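Subject: Predicted model for your review

Dear colleague,

I am passing on the structure below, and after it you will find an account of what turned up. Please read the account with the model open beside it.

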Amino acid sequence: MASASQSSAARSDRAARSQQAAPRPRAREVSQRLPKSKVGWDRKFRTVMVLVFCLVGWIGVKAALSMYSAQQQASAQGATLQSLQLQNRQLRAREQALSQNATIVRDARHLGMVMSGERSYVVDGR
């Protein structure tokens, strides 16, 4: 019987021979090429893609301008709202002042009215 080292050497020799003996697959040679297309599909595809990118960019710019316009309109309406709130506060204060009895009497006397039971005098300064 052979020793262990001899048997392993024999196995490695057989493996090496089997790897060398197996032919490597070679690339097939092309015997006939397909006819080249007269339509430049790559150029057409690039053109279509450029048009798509331009369209997407245009839509994006249009949306950004719309958002900017809406922001400006909201700002203007906010300023109008503040102005109207100030005017409302002033009108409510005037309404409260005009509804008091002392103010009503003063304004009536200024217009030349007298209360019932009073006598009106006119002073002529000539």
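Burial is described here by relative accessible area, where buried means under 20%, exposed means over 50% and partly exposed lies in between, with a 1.4 Å probe and only the protein chains considered. This is a predicted model, in which local features need pLDDT of at least 70 and side-chain atom pairs count only at pLDDT 80 or more, while totals for chains, interfaces and linings use all residues. Residues are numbered from 1 along each chain as its sequence is written, and side-chain values use heavy atoms, with hydrogens and water left out.

To begin with the overall picture, the protein chain contains three helices and zero strands, and from the N terminus on its elements run α-α-α; helices (H or I, at least four residues) and strands (E, at least two) are DSSP runs, numbered from the N terminus. Buried residues account for 1% of the 126 residues in the protein chain. Its accessible surface, computed by the Shrake-Rupley method with a 1.4 Å probe and, for residues, with only the protein chains shown counting as cover, comes to about 12900 Å², of which 58% belongs to carbon and sulfur atoms.

As for confidence, pLDDT is the predictor's confidence in each residue, from 0 to 100. The mean for the protein chain is 85, and 83% of its residues reach 70 or more. Confidence is lowest in helix H1 (residues 4-21), at a mean of 65, and highest in H2, at 96.

Helix H2 spans residues 41-98 and includes Val 48, which is partly exposed at a relative accessible area of 46%. Together with Val 52 and Val 56, Val 48 forms a nonpolar patch on the surface, with about 240 Å² of accessible area for the three together. Such patches are made of residues with over 30% relative accessible area and no salt bridge, like charges being joined within 9 Å and nonpolar side chains (Val, Leu, Ile, Met, Phe, Trp, Tyr) within 5 Å.

A search of the whole structure finds three salt bridges, each defined as a side-chain nitrogen of Lys or Arg within 4 Å of a carboxyl oxygen of Asp or Glu. One of them joins Arg 46 to Asp 42, with the closest N and O atoms 3.2 Å apart; these two residues are separated by about one helical turn, because they stand four residues apart in helix H2. Asp 42 is partly exposed, with a relative accessible area of 49%.

Another salt bridge links Asp 107 and Arg 106, with 3.8 Å between the closest N and O atoms; Asp 107 is partly exposed at 33%, whereas Arg 106 is exposed at 53%. Arg 109 and Glu 118 also meet through their side chains in a salt bridge, at 2.8 Å from N to O, and both partners count as partly exposed, Arg 109 at 41% and Glu 118 at 38%.

Finally, Thr 103 lies in helix H3 (residues 101-110) and is buried, with a relative accessible area of 11%. Leaving aside residues up to four places away in sequence, Thr 103 touches Ala 97 and Leu 98, contact meaning heavy atoms within 4.5 Å.

With best regards
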